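My entries follow in the order of looking.

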Number of protein chains: 2
Amino acid sequence: MAQLTSTEWALAQRPVGLPQLSDFQKKTTDVPEPGDGEIQVKNEWMSVDPYMRGRMYDRESYVPPFQIGETMQGGAIGRVTASNHPGYGAGDLVSSMAGWRTAWTAKPEAVMAMKLPETGLPESAFLGVAGMPGLTAYAGILRIAELKEGDTVFVSGAAGAVGSTVVQIAKIKNCTVIGSAGGPEKCATVMALGADHVIDYKQARGFDGLVAALRAAAPKGIDVYFDNVGGDHLTAAIEVARPMARFAECGMIAQYNETGTPVGPHNIIQVVGKQLKIQGFIVSTHIDMQPAFLADMAKWIGSGQMQFNETVMEGIDKAPDAFLGLFSGANTGKMLVKLG
Amino acid sequence: MAQLTSTEWALAQRPVGLPQLSDFQKKTTDVPEPGDGEIQVKNEWMSVDPYMRGRMYDRESYVPPFQIGETMQGGAIGRVTASNHPGYGAGDLVSSMAGWRTAWTAKPEAVMAMKLPETGLPESAFLGVAGMPGLTAYAGILRIAELKEGDTVFVSGAAGAVGSTVVQIAKIKNCTVIGSAGGPEKCATVMALGADHVIDYKQARGFDGLVAALRAAAPKGIDVYFDNVGGDHLTAAIEVARPMARFAECGMIAQYNETGTPVGPHNIIQVVGKQLKIQGFIVSTHIDMQPAFLADMAKWIGSGQMQFNETVMEGIDKAPDAFLGLFSGANTGKMLVKLG
C-alpha cells in the first residue's frame, strides 16, 4: 500500500493587520498507519472561520495561538481510511479539528474527533448550519440574547454562516428581523432568508448612516443585537437599543485585523440608563445545548424553515484564499474548502 | 396658624458641562393645608445624588428631565405636620421624592411618599445605606453582578454612598475587594470599611496606571466590577477581567458633565473572548428585592458588619453646594443636606 501523504498549511509568519498569502506556508507530510487507539482519516471538507484570525496572534486567549511552521487547526469533515480504534471503522464519517490538511492519523480525542450520524444532510452541513457556526447562532440568540417572541432583532454579518442562521431562528420565533450585510447581492440573500429589513453597510457608511438606517427599519428601537461585526455596528446598536435590550457578542470582525488602537463605543454610558446587557460568549461554553440544537435543526431543515448557503473553494491549495475571503466579504453563508 | 412656607431650589438654566451655582434658582412657596387625601410634611433631610445630573439634560431618559423654573425633585425624609389621609398622622416619618424643598403638601402617591417604620436607625439612613443607594448596591452586586463567595471584586467610587455599601456586602460574602477612590483620606475610609486593597485613582492617573494598580492588587484578575465611574475605570476593568467576569454598570460619573464626544473602551473586543457580561441597571427595576434588602441590612447594621458614613451640609441654602460637591469628590459616604 502506497504511503499516504497530506498537503497542509502552516503559518509562515504572524500577520500584521490584514493577513496576506505570504503569511502561509504549504508543506507535505507523511501520514502513518494508525497505531494503537488511532484512526487514519482523509478529509473531504475543511472550514475557514473568522475566529482563526485570533489564533494567529501570539497572545493568551481562549484557544492557544497557532505556532509558526506548524500546521494550523480548524473544523474538518472526513472519512476513516484505516482504524486501530474499537469505536471507528473504515468509511465512518468524522468531524474533527484537524483541518488545514488533507489527511491525518491521530487518536480521536487528540483532535476532538467525533463520529457523525448518517442523516439526510450533506456532509458539509456539519461544518455550518448543523455544526459549530449553527450552534454558535443557536446558543447566542436563545441563551445569551434571551430571545422572546415579538422582539425586534438586529443581526450584523447577516449573510454569513452564523448570522444567516440567527436571522432564520429569529424568524421561526416570530420576531422582526433587521440584517446587515455588504453589497446588493448579500442583501438579497438576507431578504431571501426571511429578514424583514436589510441594511447595506457599504451604503450606510459608518455610525450616523447605520443609526439612520436602523431608525428607519425599527422606529421603536431594537430589543436584541446579535453582533458579528463590532465597531460602528455595535455603537449604532447601542444608540437605537430599547430599554432592557440584550446584546449577544459573538464576534467583532471589523476589528480582527486592527493594528492601531480601536475606537470604543462612545455611547457606552447608555448601558446604564437603558439597562442594557452586553454579553460575550464562545460556543464551547454552551456545548450542553448540542442535543437540543441538533433536534431543532433537523426539524427546521426538514420543514424547509432553515435554509443554508455555502461558498465553496476547491482544493487544499485554495485554503488561504478562502480564509482571506472572509475579511473581504467573499462568502455568502458558510465559507468552505472542498478537499475530497 | 401661620402660613407654612417652603424654601425650594429650581433649575435656573440647563448646565453645560460641570454645573455651576448660577444654574440654580432659590424660591419661596406657600405650603397649603392638606386637601382630601393629602398630607403636609416638613422635610428634615434631603438627598443629593449623581443621577440628578442626568435629569438636568433635556432628553428622554428613564426619569423625566427637570423643567426650568420648577422645583427639582429627589429623595427626602420628613415628618407629617398635618394629614387629611387615613394612612398618615401628624408626627409620622415619611420618605418621599419631594426633596430640594423644606416643606410640601401633596397626595403621598404623587411624590412616591412612604411611611417609614420606627427602627433603631437614624432617620438619615433611609436616604443612604437603608434607602435608595443601599438598595442600588444590594441589587447591583447580588443580582446583576451575580456575586459568588470567593470572587475578586473591583468597586469604583468605593468611598461613595453606593460604593461603600458594595465593598461591605462583598466582604460579608467572603470576597476579596479592591476599591478605588480619590485621595488619601477617602482611601483610608475604604480600607476602614474592610477592603483588601485600595487604589487612589488620582495617583494612578488614567488607564495604564489603573491597569498596573489592578494587576498588583489582583494578579489573577477580577471576577466582578461594580462601576460607578465609567471612563478609564471601565476600560481598565475590562483589561484585567477574568473569563466570565460580570460588570454591574451602576453609573459613570466621570462622563456626566462631558461636553465633547466621550471616549469608549478601546478594548471592548475582550467582551467576546473573555465572555464578559456588562449589564446596566436602575434601582427601581429591582424594587422587588426591597424586603430581603431591609431584612439583611437591619441584620448587618445590628451586628456591626455594615458601617455607613455621611457627609452633611446644613440648611436648604447649601443644597446646590452639596450637589456640586459630588463631582469634586467632597463627600465620603452619603452626601446629605440637613433641613430640620
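**Entry 1: a helix pair in chain A**

I began with helix α2 (residues 132-144) of chain A and helix α3 (residues 161-172) of chain A, whose axes come within 8 Å and cross at roughly 45 degrees. Axes here are lines fitted to C-alpha atoms, for helices over the stretch in contact, and angles run from 0 to 180 degrees between N-to-C directions. Angles under 35 degrees count as roughly parallel, over 145 as roughly antiparallel, 65 to 115 as roughly perpendicular and the rest as oblique.

I noted the basis before going on: this is a predicted model, local features need pLDDT of at least 70, side-chain atom pairs count only at pLDDT 80 or more, and totals for chains, interfaces and linings use all residues. Residues are numbered from 1 along each chain as its sequence is written, and chains are lettered from A and ligands numbered from 1 in the order in which they are written. Helices (H or I, at least four residues) and strands (E, at least two) are DSSP runs, numbered from the N terminus.

Which hand does the crossing of α2(A) and α3(A) have? It is right-handed. A crossing is left-handed if the near helix is turned anticlockwise from the far one by less than a right angle, and right-handed if clockwise.

Then I listed the contact. From α2(A) I found A:Pro133, A:Gly134, A:Thr136, A:Ala137, A:Tyr138, A:Gly140 and A:Ile141. From α3(A) came A:Ala161, A:Val162, A:Thr165, A:Val166, A:Ile169 and A:Ala170. Two residues are in contact if their C-beta atoms, placed from the backbone, lie within 7 Å. I sorted this contact by class and got 9 nonpolar, 4 polar and no charged residues. Ala, Val, Leu, Ile, Met, Phe, Trp, Tyr, Cys and Pro count as nonpolar, Asp, Glu, Lys and Arg as charged, and the others, Gly among them, as polar.

**Entry 2: the domains of chain A**

I looked up the domain assignment of chain A. It gives domain 1 (4-127 + 308-338) and domain 2 (132-284). Such bounds come from an automatic or database domain assignment. The C-alpha centres of these two domains of chain A lie 29 Å apart. In chain A, 16 residues of domain 1 are in contact with 15 residues of domain 2. The domain 1 side of that contact holds 6 nonpolar, 8 polar and 2 charged residues.

**Entry 3: where the chains meet**

How many residues of chain B are in contact with chain A? I found 29, and they meet 30 residues of chain A. On the chain B side, α8 (270-273) and β13 (277-280) each supply at least two residues. β13(B) gives the most, with 4 residues. By class, this side of chain B has 14 nonpolar, 12 polar and 3 charged residues.

Next I followed the strands. Strand β13 (residues 277-280) of chain A runs antiparallel to β13(B), and 3 bridges join them. Two strands pair if DSSP finds at least two bridges between them. A:Ile278 stands opposite B:Ile278, and A:Gln279 has B:Lys277 as its bridge partner.

**Entry 4: the sheet across both chains**

I traced an open sheet of 12 strands with mixed pairing. Its order is β10(A)-β9(A)-β8(A)-β11(A)-β12(A)-β13(A)-β13(B)-β12(B)-β11(B)-β8(B)-β9(B)-β10(B).

Helix α6 (residues 206-217) of chain B packs on it, touching β8 (152-155), β9 (176-181), β10 and β11 (222-227) of chain B. The direction of α6(B) makes about 170 degrees with that of β10(B). Helix α7 (residues 231-240) of chain B also packs on the sheet, touching β8, β9, β11 and β12 (241-249) of chain B.

**Entry 5: α6 and α7 of chain B**

The axes of α6(B) and α7(B) come within 9 Å and cross at roughly 45 degrees. The two helices are therefore oblique to each other. Their crossing is right-handed. Among the residues that meet are B:Phe207 and B:Leu210 in α6(B) and B:His233 and B:Ala236 in α7(B). I counted this contact by class as 6 nonpolar, 3 polar and 3 charged residues.
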